[in-house]
Amino acid sequence: MVVTEAQARRMARGVDVEWDEGVEDPRAAWSQRHAHQSMLSLLVGAFAAGRVQLRRVEDFSAELGARARRRLGLKGRVSDTALWNLLARQSAAGFRETVVRWFRRAVEAKEFTRTFPLGVLSFDGKSLWTSSSAQVEGAKQSVDEKTGVVSSSLMALSAVLTSYTSQPCVDLEMLGAKSAETVAFRPLLDRVCAAFGAHFSVVTADAAMTNIENALAVRRNGKDYLFALKGNQPLLHQQAMDAFEGLAGKARAHTAELREGATLFRELHIISPVRGEPRASTGESRTATTGPATWR
């Protein structure tokens, strides 16, 4: 997070967004003090610096200094009220096209370095907003069985090129109250393959998106997949365990990760299926941090 004026200025120098023509200014002409795209670029820089609250974005605009604000085309400090009035009316039209243009320009300028021989695109669900005191139309709602408190949350399925050093998020699909990751996966995959297909050949996803429809969608797009399969899908998990029983072979790699008060152990095995093509098989177990390290 930006904490000094000098760091804020350096962050502003890195914000060079070429906004798509589809990004329109929703404000009335008489209420404009700062240029529309300048305010959007300010938000990009502030969010990248960890300033996700509008009051903190206002502070960020003051920390930029006069020269950095001129670079962004701002006339001075931008108030959180002005930012709210803009975002409350701003359409998302043109944002995806802006990301595509930005990514292609960055690739041409060789600003990205691949950290893995194969291009990898990873899908993952992320929580964008959660509140027990406010509700948003279309948000998912959940009830705490112990307290009866109702919480609303906005989720999104993101697509990230994890094989690059900066790991850019190139697209996302909002998840409403009646949508799920496994359904949102396919339209998001088709869009990303159309725009960025040349930059990856492997698609990864966790257990929530592991099913035959998504696997076939990946293959239709000419990509390979590496899907996780965990115990939260008991039938598929047991079928996989039965299929791999006696074929696991020697473990090639081990990892241990601390998560939610437990240590998660993973092993990587290489097996040879009937067709003779080596495949990777992963298994995992969870044990309490105070208990013995066990594998099963």
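Mentor: Accessible areas here come from the Shrake-Rupley method with a 1.4 Å probe, and for residues only the protein chains shown count as cover. The accessible surface of the protein comes to about 18,200 Å², and 53% of that surface belongs to carbon and sulfur atoms. This is a predicted model, in which local features need pLDDT of at least 70 and side-chain atom pairs count only at pLDDT 80 or more, while totals for chains, interfaces and linings use all residues. Residues are numbered from 1 along each chain as its sequence is written, and side-chain values use heavy atoms, with hydrogens and water left out.

Trainee: What share of the residues is buried?

Mentor: Buried means under 20% relative accessible area, exposed means over 50%, and partly exposed lies in between (1.4 Å probe, protein chains only). Of the 296 residues in the protein, 34% are buried.

Trainee: How many helices and strands does the protein have, and how does strand S3 pair with strand S1?

Mentor: Helices (H or I, at least four residues) and strands (E, at least two) are DSSP runs numbered from the N terminus, and the protein has nine of each. Two strands pair if DSSP finds at least two bridges between them. S1 (residues 120-131) and S3 (residues 150-161) are antiparallel partners joined by ten bridges, with Phe 123 opposite Ala 159 of S3.

Trainee: Which other strands pair with S3?

Mentor: Strand S2 (residues 140-143) runs antiparallel to S3 and is joined to S3 by four bridges; S2 and S3 form a hairpin with six residues between them, where Gly 148 in the turn has a positive phi of about 75°. Strand S4 (residues 169-175) also pairs with S3 in the antiparallel sense, over six bridges, and here Val 160 stands opposite Cys 169 of S4.

Trainee: Where does Ser 153 lie, and is Ser 153 buried or exposed?

Mentor: Ser 153 is found in strand S3, where Ser 153 is the bridge partner of Lys 140, and Ser 153 counts as buried because its relative accessibility is 18%. If contact means heavy atoms within 4.5 Å, Ser 153 touches Trp 129, Thr 130, Ala 139 and Lys 140, not counting residues up to four places away in sequence. The C-alpha atoms of Ser 153 and Ala 139, which are 14 residues apart along the chain, are separated by 5.5 Å.

Trainee: Which residues does Thr 98 touch?

Mentor: Thr 98 has its place in helix H6 (residues 95-108) and is buried, with a relative accessible area of 5%. Leaving out residues up to four places away in sequence, Thr 98 touches Val 17, Glu 18, Trp 19, Asp 20 and Val 23.
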